[in-house]
Amino acid sequence: MKRRWFAHPVLSLLTGAVWLLLQGSVTAATLLWAVILGLGLPWLAAPFLNPGTRLHAGGRALHLLGVVLWDIVVANLAVAWLVLNPAARPQPAWVRVPLDIRHPNGTVLLAAIITTTPGTVSCVIEPARPGRETAAILVHALNCTDPAALVAEIKSRYEAPLREIFE
């Protein structure tokens with residue numbers, strides 16, 4: 001496998017920036033070392049890294065970030081209401097969310113989004129296999145009165161944008 005210089009530009013930039021921060025000054029020598037380390041370390045680590053992921057819809061990724069941040073705020077308030085309200089009777093549920101997304105990074109990101117949203121936890125990613133043609137994520141919801149609605153919400157708010165971004 002032929003290794004390319006600057007194959008992981010974000011890693012190269014981060015390596016160089018971290019080097020400059022660790023040095024605490026910007027001189028010609030530290031800049032030169034930042035460039036050498038920024039190019040050399042990712043090149044040396046290339047056999048251990050995956051080829052990287054190309055994002056297809058950068059604007060959609062920003063929109064998804066906004067949706068996730070908003071949902072985290074709203075879910076925090078909903079969970080706080082459930083915890084602080086003595087009359088609340090949460091209805092926990094396990095929900096199996098069938099997946100249409102095929103990209104492994106997209107699947108992991110979907111699981112991370114579900115888990116970082118208070119009130120839901122993704123517990124198992126079930127891969128597709130004979131007898132079960134689609135992969136799925138098993139989700140525990142703190143309060144779920146309509147599992148089908150939760151599945152539809154996860155698929156429309158998170159999975160569909162992730163498919164546009166990764167596939």
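Which strands does helix α4 (residues 104–116) lie across?

Reply: Happy to! This is a predicted model, in which local features need pLDDT of at least 70, side-chain atom pairs count only at pLDDT 80 or more, and totals for chains, interfaces and linings use all residues. Residues are numbered from 1 along each chain as its sequence is written, and side-chain values use heavy atoms, with hydrogens and water left out.

Helix α4 lies across β2 and β3 and runs at about 155 degrees to β2. Contact here means heavy atoms within 4.5 Å. Angles run from 0 to 180 degrees between N-to-C directions, with axes fitted to C-alpha atoms, for helices over the stretch in contact. The element names are DSSP runs numbered from the N terminus: helices are H or I with at least four residues, strands E with at least two.

Now the sheet itself. Its three strands are ordered β1-β3-β2, and the sheet is open with antiparallel pairing; two strands pair if DSSP finds at least two bridges between them. At the edges stand β1 (93–98) and β2 (120–126), each with a single partner strand, so one side of each has no neighbour in the sheet. On average, and ignoring direction, neighbouring strands are turned by 25 degrees against each other.

β3 (residues 136–141) is joined to β2 by six bridges, running antiparallel. To find this pairing on your screen, look for threonine 120, which stands opposite alanine 141, and for glutamate 126, whose bridge partner in β3 is alanine 136. β1 and β3 also run antiparallel, joined by six bridges, and there valine 95 has valine 139 as its bridge partner.

A further helix, α5 (residues 147–166), lies across β1 and β3, at about 45 degrees to β1.

Thr120 also takes us to the largest pocket: Thr120 is among the residues closest to the pocket's centre, together with Ala75, Thr117, Pro118 and Glu153. Altogether 20 residues line this pocket, which holds about 480 Å³ of space. A pocket is an open set of points on a 1 Å grid over the protein atoms alone, with protein on both sides within 12 Å along at least five of seven lines, while a cavity is a set where a 1.4 Å probe fits but cannot get out; lining residues have an atom within 4 Å of a point. Grid points are joined across faces, edges and corners, and the volume is the space filled by probe spheres set on them.

Helix α5 returns here, as α3 (58–84) and α5 are the elements that give two or more residues to the pocket lining. The largest share, seven residues, comes from α3. By class, the lining has 14 nonpolar, four polar and two charged residues (Ala, Val, Leu, Ile, Met, Phe, Trp, Tyr, Cys and Pro are nonpolar; Asp, Glu, Lys and Arg charged; the others, including Gly, polar).

For contrast, the structure holds one cavity of 30 Å³ or more. The largest cavity has a volume of about 30 Å³, and its lining consists of Arg4, Trp5, Phe6, Ala7, His8, Leu39, Pro42, Trp43 and Ala46. Seven of these lining residues are nonpolar, one is polar and one is charged.
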